[in-house]
Amino acid sequence: MPTFVSKGPMITTWYRFLERFIKIKNKNVALLSKVTLDQTLFAPSFIAIFFTAQGMMERKSRNQILEQLESVAYTLSSAYATERAVAINAVLKACMQLIPCKIPSLVADFSAQAVVNLILHKNFPDDPIVGEEDSGDLRGESGKPLRLRVLELTNTVLDSPIDEEELLQAIDRGSYGGGSKGRMWTLDPIDGTKGFLRGEQYAICLALIIDGIVQLGVVGCPNLPVDHEQPDGEKGCLFIAVKNQGAFQRSLSSTDEKPVRFADVSSPESASFCESTEAAHSNHDNATKIAALLGITKPPVRMDSQCKYCSVSRGDANIYLRLPVQEGYEEKIWDHASGSLLVEEAGGKVSDLYGKALDFSLGRTLKSNVGVIVAHPNIHAKVLEAVQTVCNE
Ligand SMILES: Nc1ncnc2c1ncn2[C@@H]1O[C@H](COP(=O)(O)O)[C@@H](O)[C@H]1OP(=O)(O)O
Ligand SMILES: [Mg+2]
C-alpha cells in the first residue's frame with residue numbers, strides 16, 4: 001500500500017527534477033538524456049523499493065526479497081523476454097499433454113509438434129520453423145485414425161480447439177529448410193523416441209536461431225528427476241537458456257527458476273561422462289577407449305535425448321560424447337540447438353570431433369560438423385585429443 005501511495009508523488013518529483021536539471025538546447029539530445037537517466041537511475045531504484053516494500057509487507061525473509069529482486073531484475077533486463085516466455089509456455093504445454101497417460105510415440109510426436117507450432121505461430125506469425133515431423137502420415141483415409149488421435153490429444157491443452165485441417169497445417173509449419181539469414185525456430189517434438197518408448201528419458205526441444213546463431217533454448221524433460229541426488233524424487237524439469245543470460249532449471253510444477261552451472265572439474269580422471277543409450281547413435285566402443293585413455297574410471301551414464309545436455313549443464317556428469325557410428329550421418333539442428341546453448345550458458349564448451357563449433361546456419365542439418373563433444377573448458381582440449389586419437393586409429 002505505501003508503495004502505491006508513494007508512486008504518484010515520487011514519479012512527479014522525479015520528472016520535475018529532470019525538467020529542472022537537464023538544460024540541453026537540442027531537444028532530441030535532451031530527450032535521450034532524460035530517457036537514459038530514467039531507465040538507468042529511476043526505474044531500477046523504484047522497482048527495488050517497490051518489491052522490497054511489497055516483500056516486507058508479505059513478511060518475506062531478507063533472502064526471499066533478494067531472490068525476488070534478482071528474478072525481477074533478470075526478467076526486466078532480458079532480451080528475448082517475450083520469446084522466452086512463449087517458448088516456455090509452448091514446451092510446458094507439450095510436456096503436460098504427454099504426462100497423464102501412456103501415449104503411442106507417433107501420436108505424442110505429432111501432437112507435440114502441433115502444439116508448439118500453433119503457439120509459436122500465434123505469437124510470431126512471420127517466424128519460420130524447422131521441425132522434425134511433417135503431416136504426410138496423417139493425411140488421407142489411411143491417416144485418419146492416427147489423425148483423429150493426434151487431434152484429440154492436441155486439443156486437450158489448447159485454449160481453443162482446432163479442427164483436422166488446422167492440425168495438418170500446424171504440423172507442416174515445421175517444414176522450413178533453415179539457413180543463415182533471419183529468425184527461425186527449430187523443434188524436436190520428442191527427442192529420444194526410444195527413451196519415450198522405454199518410459200525413460202526423452203525431451204521436447206525448442207530453440208530460436210537468428211542469423212545462424214542459437215539465441216534461446218528451452219528443453220522440457222518430463223522424466224528427468226528435478227534433483228539428480230534424489231532419483232526417486234519429483235520428476236519433470238524445464239531447462240532454459242538465453243545467449244549471454246545464463247542457464248536455468250525449473251521443475252514442471254513450479255515457476256521458480258534456479259541457475260544451473262557446469263560442475264568444476266580440473267582433470268579428466270575425476271570426470272564422469274554420458275552418452276546415448278542407443279549404440280546406433282553413438283559409438284560405445286570408442287567411448288570406452290577414450291575413457292580409458294583419459295583415466296576415467298566411472299562407468300558411462302547412458303541416457304536418451306538432449307537430457308544429456310541438461311544433465312551435464314547442471315553438473316550431474318562432466319562430459320558428453322556423441323561419437324559417429326555411421327559415416328556420413330549428418331546431425332539434425334533440432335537435436336542440438338537448445339542443448340548446446342544450454343551447455344554454453346552453464347559454462348561448458350561444445351564442439352564437434354575436430355574442435356569446430358557447431359554450425360546451425362547450413363540448413364536442417366549440421367552438415368559441416370561430425371559428432372559432438374561437450375566438456376568443462378578446463379578439460380575440453382584433453383578430451384578432444386583423446387577423441388581424435390581413438391577415432392583416427
Ligand atoms: N546414426 C546416427 N547417429 C547419430 N544420431 C542419430 C543417428 N540416427 C539417428 N540419430 C538421432 O539420434 C537422436 C537421439 O539421440 P539419443 O540416442 O542420444 O537419444 C534422434 O533424434 C535420432 O534422429 P532420428 O529421430 O532422425 O532417428
Ligand atoms: Mg531427436
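## The surroundings of ligand 1

Which residues surround ligand 1? In this predicted model, they are D191, G192, S276, E278, A280, H281, D304, S305, V325, Q326, Y329 and D335, where being near means a C-beta atom, placed from the backbone, within 6 Å of the molecule. This shell has three nonpolar, five polar and four charged members. Here Ala, Val, Leu, Ile, Met, Phe, Trp, Tyr, Cys and Pro count as nonpolar, Asp, Glu, Lys and Arg as charged, and the others, including Gly, as polar.

## Helix 5 against helix 7

Let's turn to a helix pair. The axes of helix 5 (residues 105–123) and helix 7 (residues 164–172) come within 8 Å and cross at roughly 85°, so the two helices are roughly perpendicular (65 to 115 degrees). Axes are lines fitted to C-alpha atoms over the stretch in contact, with angles from 0 to 180 degrees between N-to-C directions.

From helix 5, F110, Q113, A114, N117 and L118 meet L167, A170 and I171 of helix 7; contact requires C-beta atoms, placed from the backbone, within 7 Å.

## An open sheet

Five strands form an open sheet in the order 9-8-10-12-11, with mixed pairing; strands pair if DSSP finds at least two bridges between them. Helices (H or I, at least four residues) and strands (E, at least two) are DSSP runs, numbered from the N terminus.

Strand 11 pairs with strand 12 (residues 372–375) in the antiparallel sense over three bridges, and S351 has I373 in strand 12 as its bridge partner.

## Conventions

Residues are numbered from 1 along each chain as its sequence is written, while chains are lettered from A and ligands numbered from 1 in the order written. Local features need pLDDT of at least 70 and side-chain atom pairs count only at pLDDT 80 or more, whereas totals for chains, interfaces and linings use all residues.

Terms used
Angles under 35 degrees count as roughly parallel, over 145 as roughly antiparallel, 65 to 115 as roughly perpendicular and the rest as oblique. Two residues are in contact if their C-beta atoms, placed from the backbone, lie within 7 Å.
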